[in-house]
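Please open the structure in your viewer and keep the selection panel at hand. The stops below say what to select and what is there.

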Amino acid sequence: MEIPMKKRITDERNTPGKKALTVFFAVISVLWMMPIVIVLYNSLKTNGAVNTQLFVLPNAETFVGFDNYINGMTFGNYPFYLSAAYSVFITLASTFLILLCTSMAAWYISRVSDTFSKVVYYLCVFSMVVPFQMVMFTLANTARDLHLDTPWTIPVVYLGFGAGLAVFMFVGFVKSIPIDIEEAAAIDGCGPLRTFFSVVLPMMKPTLISVGVLEIMWVWNDYLLPYLVLDVTKYKTIPIHIQYLQGSYGKVDLGATMALIILSLLPIVIFYLTCQKHIIKGVAAGAVKG
Amino acid sequence: MKKLLAVLLTLAMLLGMVSLASADETGKVYYLNFKPEADQAWQDLAKLYTEQTGVEVKVLTAASGTYSDTLTAEMEKKDAAPTLFQIGNAEGVATWADYALKLDGTDLMNEMTTADFNLKNANGDTVAVGYCYEAYGIITNVALLQKAGHSLDEIKDFASLKAVADDIHARAAELGFDAFTSAGLDGSSSWRFSGHLTNMPLFYEFRDDGITEQPATVKGTYLNAYKNIWDLYITDSAADPAKLSGYTGGAAEDEFINGQAVFFQNGTWEFATLTEKGMKAEELTMLPIYCGVEGEENAALCAGTENCWAVNAKASEADQKATLDFLKWVVTSEEGTKMMAEQFGPIPFKSAKEPENVFFKVANEYLAAGKYVVTWAFNFTPDVDNWRAGIVSALEQYSAGTADWGEVEYAFVDGWAKCYEATH
Amino acid sequence: MKKKGRKAAGAVTSPLIRRPIQRQFAIFLLPTFLCFCIGFLWPFIQGIYLSFNKFSTISNTSWVGFGNYVKAFQDDGFRHAFGFTAMVAVTSLVLINVLAFAVAFALTKSIRGSNLFRGVFFVPNLIGGIVLGYIWKTLINSVLPVSMSIQVNYGFWGLIVVMCWQQIGYMMIIYIAGLQAVPEDMLEAAKIDGASGWKTLWHIILPNVMPSITICTFLSLTNGFKLYDQNLVLTNGAPVRRGVGMTEMLALNIANNFTTANQRGVAQAKAVLFFILVTTIALVQLRLTRSKEVQQ
């Protein structure tokens, strides 16, 4: 896998054309972030102001500091930190499970390549196309029958439903790994497990990252699946918690909703900022060989 | 010794079996609650009941807008399905007919003061009891009305309502307030017009034709009345009729609270919010919705309910009995009736407590004066959400001028027929 | 087939390692396959079975054969959603990919701040959820003379705008990687030969970036067809003319059917049809673009 580090297609740096591009993109970037910025400063306004003047910056009258955050977190009789904890656990556990199992499965599929594994591969690709609504009820039912309806067991459901995309991307990547190294390991006496964990997996790092990012985004923001499968009196996740802020007759505490959205964005943004380089490199490298 | 041991063991086993059996017999209650705001009150009440009687009561509240999906999912749990749930209208009865226990003759029904709010299945059996009733109409800020130089006595029918509203609207700049709050068609507000307001043409048509159960089609005979009142709402208001989907329920409420409008169509449930945010009970009253129908001077407010209790017919007998006992306790005990009065207003049971809501006093005054109740005919709507969505979109296009009233008529009449067909 | 050490060039598998791995099926493939059956395959098959039934809850079904499918085809809303969804999918596919490629192209030249820009463009992809759609809806509606739920054009373009905002970042990253993998020597050779910018782009860069194009078109195509959240929030299918939601896409149409008891069987049937449609299109697309890839 030779992707040179700082490859440039052209060499010159500071021509006027380049400067213009920088300015251009700077403007676009600001506009690009607008919707998020709007959610941010709305979370600091009173409910009424959010309703009637969405785009106005908070002024002395409408600024309420962290009130919305506190309201959102203490609303109802379910503590927010618990929802957050469940969200974190489910996201991390599901992602870990998916990455581990599907990478192994993808390696198997590429290297063994018999009829059965080809069938599994195509089933996986097909599954990426199915709309969630089609399997919504039946999936929730099956999950409950098999007692998969707790946060500790729901990762199995996520593995099942998310296997499609992950296997697809991993298989694409594994195909490009030269087989010599694995053969060398086999000749040296490594069994498949050792070969996989010491030779193949490290080489798959970029794809692991890119698939990992996709899965984390999906599970963290997912509302329907946990709502239908989990016993909601006991276990809530952040998206479910936000939905409960809605009273009947559509009355929504918008300020608190905005606040909770910002809170639910925070871990993602922090995760992204700290791993930005790896994430972007991973997505790039992992995807191009698919 | 051995014999003694054997006897003791047998006794222990028997006792164990008896306690197991009696545990089975006491049954348990599982209530799937509809109103998120009442969740805490129900949890507290359930705990109290369990302390007093030892019967297990579990209350789960569905997230707003998800009751139907949640109920469907919960009912799939064969041994842990809800024993008590809510049916709102005829469509609910059609969907859950197999799951609703017949309630005629139970203690609970004997406690009721009226059967007007109950739901019946196709055979005429009562399958759900309305446990509270609400009324809606045009909430009026009397103080503002007087500031505009008008009085309540002036408004007796549509013509007089229009006269007053037109006058206020014409002088809105000078007065500093307008006649009607925004008629928002955003999801948080549109149900007032696609549901509550459509009740007017539906009620009068059903009254004329003597309809007492869900009809397969409607004629729309009183749609011109609906047009009258809708035109009034969008003309005599400060809101831009071309952008109604941008106005939320919260916005209309705030406009009313901030004294920006005199009239606000909504219901008795608003009383708590309005008074908490600073309005005074003396300033508030509720007018019937006049729309230009003959004889409407004798109309009272629109009263009814979408809150009816149903007991799971597929639950065990012990659970059913436990549930009915729990309900009877709720409507007769001190704590239960107090909670119901606070959360739900007047309940049609013999031991009910008086709620403090001014709007209910007004509703009762109308009744005492012999005016006719406008019942909730819209409870008969088939495939409610889809029918209303059609009406909302039609109203929006009509108000913006991109479609004519025919679009609303289509959504009302043809939409009803299609929705009926879809659900049967 | 046990010729040790002999394999075709670029082989994916080799007899040497194949058997040992195959024997460890239970460790490598079984867990995934099992969960896949539980989490997808079985519900899917059940879903197909249900499409031939009329039901309100799964324990309460009655067989109706192809009745649901007939109803699905007769449904004006479904047929319209079909055409509208195709339009949205194709338009968004073209726009997202062209724009993402353009941005990627620009950001692989050495301009100041390109790393920062890449980060910024990627952020919307991190955010899911319906409330962001609400913000966009308010934003767009306040700028337009008439709201999106009244004018079909506005509704259409509103959808496209939000989709582009969310997806361009991710596709851009993939394109950047693809661009960076174009062999230097080919570019040098082109420059020496005096080829113009366009010629270079068309004949050298694009064929080498094909793998990225394959992935991106597949992802944006399927995303476009499956779109639900933003459709629900932006217009909810409005305006409704003569009972047909003019901006209703297939997923929304199917979901609405689910909320109506007794229509759930029809909804399942529609979902099956939807699945067949999208699979066919995706397969065709994959075939087309894979055949154009230059083997590295």
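Start in chain B of this predicted model by selecting strand 3 (residues 84-87) and strand 11 of chain B, which run antiparallel and are joined by four bridges. Strands, like helices, are DSSP runs numbered from the N terminus: at least two residues of E for a strand, at least four of H or I for a helix. Two strands pair if DSSP finds at least two bridges between them. Pick B:Leu84 and look across to strand 11 of chain B, where its bridge partner is B:Val311.

Show the side chains of strand 11 (residues 308-311) of chain B. Which way do they point? B:Cys308 and B:Ala310 point one way, B:Trp309 and B:Val311 the other way, and all are buried. Buried means under 20% relative accessible area, exposed over 50%, and partly exposed in between, with a 1.4 Å probe and protein chains only.

Zoom out to the whole of chain B, which has 18 helices and twelve strands. Its C-alpha atoms fill a box of roughly 100 × 45 × 40 Å along the principal axes. Of its 424 residues, 59% are buried. Colour the charged side chains: chain B has 31 positive and 62 negative ones, and the centres of the two sets lie 7 Å apart. Lys and Arg count as positive, Asp and Glu as negative, while His and the chain ends are not counted. Each charge is placed at NZ of Lys, CZ of Arg, CG of Asp or CD of Glu.

Move to chain C, with 13 helices and four strands. The box filled by its C-alpha atoms is roughly 65 × 65 × 30 Å, again taken along the principal axes. Chain C has 296 residues, 58% of which count as buried. For its 25 positive and 9 negative charges, the mean positions are 11 Å apart.

Select C:Trp198 in helix 10 (residues 197-226) of chain C. Is C:Trp198 buried or exposed? C:Trp198 counts as exposed because its relative accessibility is 66%.

Next select C:Ala251, in helix 12 (residues 250-259) of chain C. With a relative accessible area of 2%, C:Ala251 is buried. Leaving out residues up to four places away in sequence, C:Ala251 touches C:Lys226, C:Leu227 and C:Tyr228; a contact means heavy atoms within 4.5 Å. C:Ala267 is 16 residues from C:Ala251 along the chain, and their C-alpha atoms are separated by 9.9 Å.

Finish with chain A, coloured by pLDDT, the predictor's confidence in each residue from 0 to 100. The chain A average is 79, and 83% of the residues score at least 70. Among the elements of chain A, helix 4 (residues 80-112) has the highest mean pLDDT (91) and helix 2 (residues 47-52) the lowest (67). Over residues 1-11 of chain A, pLDDT stays under 50, and the model has 22 contacts for them beyond four places in sequence. Where pLDDT is low, the predicted coordinates should not be read in detail.

Residues are numbered from 1 along each chain as its sequence is written, and chains are lettered from A and ligands numbered from 1 in the order in which they are written. In this predicted model, local features need pLDDT of at least 70, side-chain atom pairs count only at pLDDT 80 or more, and totals for chains, interfaces and linings use all residues, while side-chain values use heavy atoms, with hydrogens and water left out.
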